[in-house]
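Reader: I have a model open and want to go through its packing. Can we take it piece by piece?
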Amino acid sequence: MQNLWFKISAFLILFLTLFSKPAYSQADNSNLIKADSLFQKQHYSDALGLYEHILQNEQAYSPQMLLKMAYIKEGLRDYTGAMYYLHMFYTKEPSRSTLRKMEELAQAHRLQGYEYNDLQFFKTQFNKYYMRILELMLLAAVVTVTIMFFSWRRGHRFTNTFKVGFTLYLLFILYYINFLSLGDAGIIKNNNVAIMSAPSAGGSWLATASQGHKVPITGEQDIWYEIRWKGSKAYIRKSNLLELP
């Protein structure tokens, strides 16, 4: 039985290693080399155009590329873009130095929603390893089912406690895939944006926000996002909010 367990585990681990996708793509092509050259020559607008092409059309990027894009956006006073690319970098390479940079940028330009703490750091770490955790849980489930099948063929009968426990484990995996969420967020990308009390133009006006503020997204309805604004439920048009990955 132990030898069978070892063979199945080794096969599944090898399968996951070979066929699982990396967390992000490494950009390594002529466009990236050209963009880096333009960045070094301080032709920032041209470099940004190529970086955005690589990111949007080729779906490839490196952490260094994201930092350069954030730097260019900050220089152009596009704080929504700067925060967006810093956030992308942070989700792939979590570090407290990046958090401090985002907090400093937010404080310098009076942007709200960037108050980070240990809980936020934990959420980022969890999101980074979400797929790896899921793969390991699925691996354990497949191995267990396989062992159960061969044991059942040999006449072994499982206790009710084991059956209930394994069923709960499978239900947890379903919950993990479909319902577990640590919250979505977005960055306001336009100036003079109306924050409303209801998802309609007839709702009460709550505030006028400028670009760069980060807000939690709690739901959506037609062309509106439901958000939290200064601790209260509010609504903003989807066209005015850049959802964070």
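Reader: Leaving aside neighbours within four places in sequence, which residues is M137 in contact with?
Author: This is a predicted model. In it, M137 is in contact with Y169, F172, I173 and Y176, once neighbours within four places in sequence are left aside.

Reader: Where does M137 lie?
Author: M137 is in helix α8, which covers residues 130-153.

Reader: Is M137 buried or exposed?
Author: M137 has a relative accessible area of 11%. The cut-off for buried is under 20%, so M137 counts as buried.

Reader: And how far apart are M137 and L170 in space?
Author: Their C-alpha atoms are 9.2 Å apart, while in sequence M137 and L170 are 33 residues apart.

Reader: Change of topic. How many residues has the largest nonpolar core?
Author: That core has 37 residues. Those with the most contacts inside it include Y51, M69 and Y85.

Reader: Which element gives the most to this core?
Author: Helix α5 does, with nine residues. Elements that give two or more include α3 (44-57), α4 (63-75) and the strand β1 (184-188).

Reader: What does M69 touch, not counting residues up to four places away in sequence?
Author: M69 touches L48, Y51, E52, L55 and Y85 on that count.
Author: Another core, of 13 residues, lies apart from the largest one, and V193, I195, A209 and Y225 are among its members.

Reader: Last one: T98, buried or exposed?
Author: Buried, with a relative accessible area of 6%. T98 lies in helix α6 and, leaving aside neighbours within four places in sequence, is in contact with L86, F89, Y90 and E93.

Notes
Residues are numbered from 1 along each chain as its sequence is written. This is a predicted model: local features need pLDDT of at least 70, side-chain atom pairs count only at pLDDT 80 or more; totals for chains, interfaces and linings use all residues. Side-chain values use heavy atoms; hydrogens and water are left out. A nonpolar core is a set of buried Ala, Val, Leu, Ile, Met, Phe, Trp, Tyr and Cys residues joined through side-chain atoms within 4.5 Å. Buried means under 20% relative accessible area, exposed over 50%, partly exposed in between (1.4 Å probe, protein chains only). Helices (H or I, at least four residues) and strands (E, at least two) are DSSP runs, numbered from the N terminus. Contact means heavy atoms within 4.5 Å.
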